[in-house]
Amino acid sequence: MFCCFSGNLTCRRQQEGMARSIIYITGSELLSLKRRPNIAIVDVRDDERSYDGHIAGSLHFASDTFLDKIPTLIQAANGKDTLVFYCALSQVRGPKCARTLAEYLAESKDDVGIKNIMILQRGFNGWEASGRPVCRCTEVFCKGHTEPA
């Protein structure tokens, strides 16, 4: 497990236990977690979702407008305590959006129920390359229908 924050205020919050840590999980771990009703999977890729497909059941909040859409994400993830972020490789956009959400929640006075923030190792590309289920619907809030990759 590692922490993705920088800056004195955030470090102080972590030491006080106020900030959420962010962990990476594998595709196998996500497959197990997907069965739980309290998890939301968040795709932060931009245009790729339209033509590459996505993880079935995932929400789409593009990285280029992510900060402005956080309140909408929180509403869409109502009742979920775990959010798993991914982008193409989960090296830049996924981790950045996960950190942005964690910082937003740390600064918010409201408890929205999100306790765990995770990032999918190897992102969507690794997920698909491993033969895991991919959905090709065009809905922003995927209902979880899958099609062959």
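Colleague: Which side chains meet in a salt bridge at 2.6 Å, N to O?
Modeller: Those of R93 and E48 do; a salt bridge here is a side-chain nitrogen of Lys or Arg within 4 Å of a carboxyl oxygen of Asp or Glu.

Colleague: Where in the chain do R93 and E48 sit?
Modeller: R93 is in helix 5 and E48 in helix 3, so this pair links distant parts of the chain, 45 residues apart. Helices (H or I, at least four residues) and strands (E, at least two) are DSSP runs, numbered from the N terminus.

Colleague: Is E48 buried or exposed?
Modeller: E48 is buried, at a relative accessible area of 16%. Buried means under 20% relative accessible area, exposed over 50%, and partly exposed in between (1.4 Å probe, protein chains only).

Colleague: What does D46 form with R93?
Modeller: D46 forms a salt bridge with R93, with the closest N and O atoms 3.5 Å apart. D46 lies in the loop between strand 2 (39-43) and helix 3 (48-52), so the pair ties together parts that are 47 residues apart in sequence.

Colleague: How many salt bridges does a search of the whole structure find?
Modeller: The search finds 6. Among them, R136 and E128 meet at 3.1 Å, N to O.

Colleague: Changing topic, what is the mean pLDDT of the protein chain?
Modeller: The mean is 84, and 82% of residues reach 70 or more; pLDDT is the predictor's confidence in each residue, from 0 to 100. This is a predicted model, in which local features need pLDDT of at least 70, side-chain atom pairs count only at pLDDT 80 or more, and totals for chains, interfaces and linings use all residues. Residues are numbered from 1 along each chain as its sequence is written, and side-chain values use heavy atoms, with hydrogens and water left out.
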